[in-house]
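Work through the exercises below with the sequence and the model side by side. Try each task before reading its solution.

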Amino acid sequence: MEALVRAYVYLSVILGESQYTDTASQLYKINGSMTLCDDGYEYSLIEQAGIYECWDETMYRPLTHYLVPFFYRGELDTEAERILQRYYPEALQKPTCLDKTLLLKRLGLECKYTKITTDGSILGQLFLEDTTITVYDKNNRPKRMSVRANTILIDVEAAREANGGRVNPTILHECVHFLLHRMFYRMQKIYQSEIRCFSCPVELTVSKDSPVYWMEWQANQMVRRLAMPTEQTKIKIDETISKKELNHHHKDRLKVIESVIEELAEFYCVPKQSVRQRMIELGYPETQGVLNYCNGGYVPNY
């Protein structure tokens, strides 16, 4: 796995001696690469060096110093479409429910289902190397399980509880970690050999200063954008709204929107709350007053 490295060097030269001196300064850029391996990393510098120009633009996705991709919220849809174009282009051609088996095959991933913890606190895990772990049977008895590299483990009961009965969002969540965050794992593994996997809890307890927080934020944001890409989802929403209004003669717009959310949740195999949030993001503001969940129940539409 290779990461491109750009370093900036400020060089200052003092010419002369005694009281007769002059100073010349210049900022340079140095491009190279870093290869991350299981047993460490290698630098391949210098591939290119030159004077830095203020209009220089990078051609690649920038990384934080933890090797986590840097995204603004407004770039997430574009990144999701880039991923789909490479691994699931059908989803950009017509409204489609992602076939998780096909996506996993194209990514070179395997998915297994087991009870990861006794209390359901872990939804899923992604393993990037062979290992043996402890999991639990239905009676909470521990057992050893061999896991191969590039395997996703899903706790079905915990995932369904967290995602309105759906497992697909958790699988997609782990796929995002595989696509975007492997460099972070490789770098951390160099210094913390006990790390075995990405582990995604029901409740995240780390601070916003942690790279783990931002990786989880990225994965959560990307899941609904992968499941419901912008243009095709807007087509599906508009078609469904028109059908509901024509067939049921609803005068209550909020009832129409609620019915649309429920139908799209079934179509895309995602929770109703994911559809609701996606519709708000795509420019259907009335959705904000529909299916609001609070204190264990839904608030009346408004």
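Predicted model: local features only at pLDDT ≥ 70, side-chain atom pairs only at ≥ 80, totals over all residues.

**Exercise 1. Helix crossing**

Task: Find the angle at which the axes of α8 and α9 cross, and classify the arrangement.

Solution: 
- Step 1. Locate the helices. α8 covers residues 253-268 and α9 covers residues 272-281.
- Step 2. Take the geometry. The axes come within 8 Å and cross at roughly 120°.
- Step 3. Classify. Angles from 65 to 115 degrees count as roughly perpendicular, and those over 145 as roughly antiparallel. The two helices, α8 and α9, are therefore oblique to each other.
- Step 4. The crossing of α8 and α9 is right-handed.
- Step 5. List the contact. α8 supplies I257, V260, I261, E262, L264 and A265, while α9 supplies K272, V275, R276 and M279.
- Step 6. Sort by class. The contact has seven nonpolar, three charged and no polar residues.

**Exercise 2. A glutamine in α5**

Task: Decide whether Q188 is buried or exposed.

Solution: 
- Step 1. Q188 lies in α5, residues 182-191.
- Step 2. Apply the cut-off. Buried means under 20% relative accessible area. Q188 has 16% relative accessibility, so Q188 counts as buried.
- Step 3. Check the neighbours. Leaving out residues up to four places away in sequence, Q188 touches Y66 and I195.
- Step 4. Widen to the helix. Seven of the 10 residues of α5 are buried, so α5 is largely enclosed by the rest of the structure. Among the buried ones are F184, Y185 and R186.

**Exercise 3. Salt bridges of D77**

Solution: 
- Step 1. Start with R225. Its side chain meets that of D77 in a salt bridge, at 3.5 Å from N to O. D77 is in α1 (residues 76-87) and R225 in α6 (residues 211-227), 148 residues apart.
- Step 2. Turn to R278. The closest N and O atoms of R278 and D77 are 2.6 Å apart. R278 lies in α9, so this pair ties together parts that are 201 residues apart in sequence.
- Step 3. Compare accessibility. D77 is partly exposed at 23%. R225 is buried at 5%, and R278 is buried at 1%.
- Step 4. Join the pieces. D77, R224, R225, R278 and E281 are linked in a network of salt bridges.

Terms used
Residues numbered from 1 in each chain as written. Heavy atoms only, no water. Axes fitted to C-alpha atoms, helices over the stretch in contact; angles between N-to-C directions. Helix = DSSP H or I, 4+ residues; strand = E, 2+ residues; numbered from the N terminus. Parallel < 35°, antiparallel > 145°, perpendicular 65-115°, else oblique. Left-handed = near helix turned anticlockwise from the far one by under 90°. Contact = heavy atoms within 4.5 Å. Nonpolar A, V, L, I, M, F, W, Y, C, P; charged D, E, K, R; others polar. Buried < 20%, exposed > 50% of the residue type's maximum accessible area, 1.4 Å probe, protein only. Salt bridge = Lys/Arg side-chain N within 4 Å of Asp/Glu carboxyl O.
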